[in-house]
Amino acid sequence: MSNKYIQVEQSLNLRGQASLNGAKNATLPIIASLILTDGVSQLSNVPRSHDVMCMMELLRNLGARADFIDEHTLEVDTSMLDTFCIDPAIMKKMRASILVMGPLLARFGKADVALPGGCSIGARPINYHLEAFASMGTQITMQDDFLYARASSLKASTIIMDYPSVGTTENVMMAAARTRGITRIVNAALEPEVLDLIAVLRAMGANITIRPAATIEIEGVDELKPVEYAIMYDRLEAGALMLAAAITGGDIYLPQAPAHAMEIFILKLQQMGHAIEVGAHGVGVHLKATTSPQAVSLKTGQYPGFPTDLQAPMMAAQCLADGVSVIEETVFENRMLHVHELVKMGANITSEHNRTIIKGVDQLRGAAVMATDIRASCALVLAGFAAQGTTRMTGLHHWMRGYDSLELTLQSLGGRISIVDCQDAEYQALLGQVNGSGVTASQAC
Ligand code: UD1
């Protein structure tokens, strides 16, 4: 993949109907939760994004079988799962690999893991995870980049979280589901993907109650059974597609969109002037873009606040809106790296720490840019559709980590986007342009 990049040409009026994939952020913890069971489970609506493949590899590494039996149905057999040691090379590929720690502790009372990798969107420590497991009776020692966790028997506990961390809530729920007694997570994350995991755990036989305000109560059971479950549709992919129509003056219908879990995002698009109809029971959206979008301001936050994962794509839309938008990122401390790239495309953005001020411009122009994380890659593609000329984006692996063939869906709506595989010299020249040197590989040599 090293010589591949995404090329986007100006494409106005993206329109049509599109299907969605299952949510990557729900799929990852749900695959991890299968460690709690003993037998064959089937998950449908599983996206084939690279992070999902990585989680499958991780389960295989533990001794499970994990195979797609059709395009989006994954079958996992955990009956042969026989080890609690994770290959550090897999662990480092993705931060979400930390999500196997809870299930491994519940199954074996042990977990040997390396510190996880992932997007460069902040320090992304795992202290909440470790503190929670410690309060459930786990001894954790750290040596170099390795964590050795041991619990002769996990004990139920009340865990009060400083911040409603999504991953910690998921990890603790999975451990607690097979831990005798009642575990309470106070100030828990209640993102739609967390609720999807709760639905799977309940289908396995777990006893989980959500109490006001933001407390999850888990009464452990001795055994959890394999499941058949359809993963929720991806609200972040839906958001990306809605923004693709919005930024190009188009019209899109997404019959599966979980609009009930996208309220603030939809409100902000409506405040911009876009016409949005939501289907019955909050499922399905139809967006017809305004020709004169107005700037809106927003601050990211935990659900039901504005999702941090749609902050970068939404910023791309603000670059061309009429007026001034202020966007504040409160979830991750380093999730503004796309600003620099959008500025290369002619956006008028000033930023201070995690607060950016975007003054709408009439036109963006294509440029050589670099995706720095999954959602930044989406923002740059969207900006590329609206920009005059050609945008070439490196950092393709981020796009592939987060999305399953989103480029094909965008093509079906009229988007001129392709993945280009080029020769070394061309790629080096592109990297030179991305880095601002404008020096081609041959000149550099
Ligand atoms: C998940 C999502 C990610 C999304 C994020 C917030 C997955 C695979 N990823 O990430 O796409 O952007 O939720 O909705 O589902 N923190 C700590 N210590 C910890 C854990 C987290 O300080 O032990 C901090 C993080 O650095 C971050 C904040 O808490 O600043 C939120 O992180 P968290 O909610 O845990 O996000 P993830 O589960 O990593």
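Hi everyone, let's start in a loop: Ala213 lies between strand S11 (207-211) and strand S12 (215-219). Helices and strands here are DSSP runs numbered from the N terminus, with at least four residues of H or I for a helix and at least two of E for a strand. What you have on screen is a predicted model, where local features need pLDDT of at least 70 and side-chain atom pairs count only at pLDDT 80 or more, while totals for chains, interfaces and linings use all residues. Residues are numbered from 1 along each chain as its sequence is written, and side-chain values use heavy atoms, with hydrogens and water left out.

Back to that loop. Ala213 is joined to Pro212 by a cis peptide bond, with omega at about -15 degrees. A cis bond also links Tyr303 and Pro304, where omega is about 10 degrees. Pro304 sits in the loop between strand S17 (298-299) and H10.

While we're on backbone geometry, please look at two residues with positive phi. Asn187 has phi near 65 degrees, though it is not a glycine. You'll find Asn187 in the loop between strand S10 (182-186) and helix H7 (192-204). Asn187 counts as partly exposed because its relative accessible area is 27%; the classes are buried under 20%, exposed over 50% and partly exposed in between, with a 1.4 Å probe and protein chains only. His353, again not a glycine, has phi near 50 degrees. This histidine is in the loop between strand S19 (348-352) and strand S20 (355-359), and with a relative accessible area of 74% it is exposed.

Now let's zoom out. How is the chain divided into domains? There is domain 1, covering 4-21 + 233-443, and domain 2, covering 24-230; the bounds come from an automatic or database domain assignment. Their C-alpha centres lie 30 Å apart. Across the boundary, 24 residues of domain 1 are in contact with 22 residues of domain 2, where contact means heavy atoms within 4.5 Å.

Of the 18 residues around the ligand, Asn127, Tyr128, Ser165, Asp309 and Val331 come nearest; to be near, a residue needs one heavy atom within 4 Å. By class, the shell has 8 nonpolar, 6 polar and 4 charged residues.

A polar backbone atom of Gly167 is 2.8 Å from a ligand oxygen, and an N or O atom in the side chain of Arg335 is 3.4 Å from an oxygen of the ligand. On its own, the ligand has 740 Å² of accessible area, and the protein covers 88% of it. Helix H1 (24-33), helix H5 (127-135) and helix H6 (166-176) are the elements that give two or more residues to the shell. The largest share, 3 residues, comes from H5.

Ser41 is in strand S3 (residues 40-44) and is buried, since its relative accessible area is 0%. What does the side chain of Ser41 reach? It reaches the backbone nitrogen of Val227 at 2.9 Å. Among the residues that Ser41 touches, not counting those up to four places away in sequence, are Leu34, Leu74 and Pro226.

Ala312 belongs to helix H10 (residues 311-318), and it is buried because its relative accessible area is 3%. Ala312 and Ala379 are 67 residues apart in sequence, yet 5.4 Å apart in space, C-alpha to C-alpha. Beyond four places in sequence, Ala312 touches His338, Arg375, Ala376 and Ala379.

Lastly, Ile419 is found in strand S23 (residues 416-421) and is partly exposed, as its relative accessible area of 32% shows. Its contacts beyond four places in sequence include Lys4, Tyr5 and Ile6.

Thanks, everyone!

Notes: A polar contact is a pair of N or O atoms within 3.5 Å; within protein, one must be able to donate a hydrogen and the other to accept it, and residues adjacent in sequence count only if both atoms are side-chain atoms. Accessible areas come from the Shrake-Rupley method with a 1.4 Å probe; for residues, only the protein chains shown count as cover. Ala, Val, Leu, Ile, Met, Phe, Trp, Tyr, Cys and Pro count as nonpolar, Asp, Glu, Lys and Arg as charged, and the others, Gly among them, as polar.
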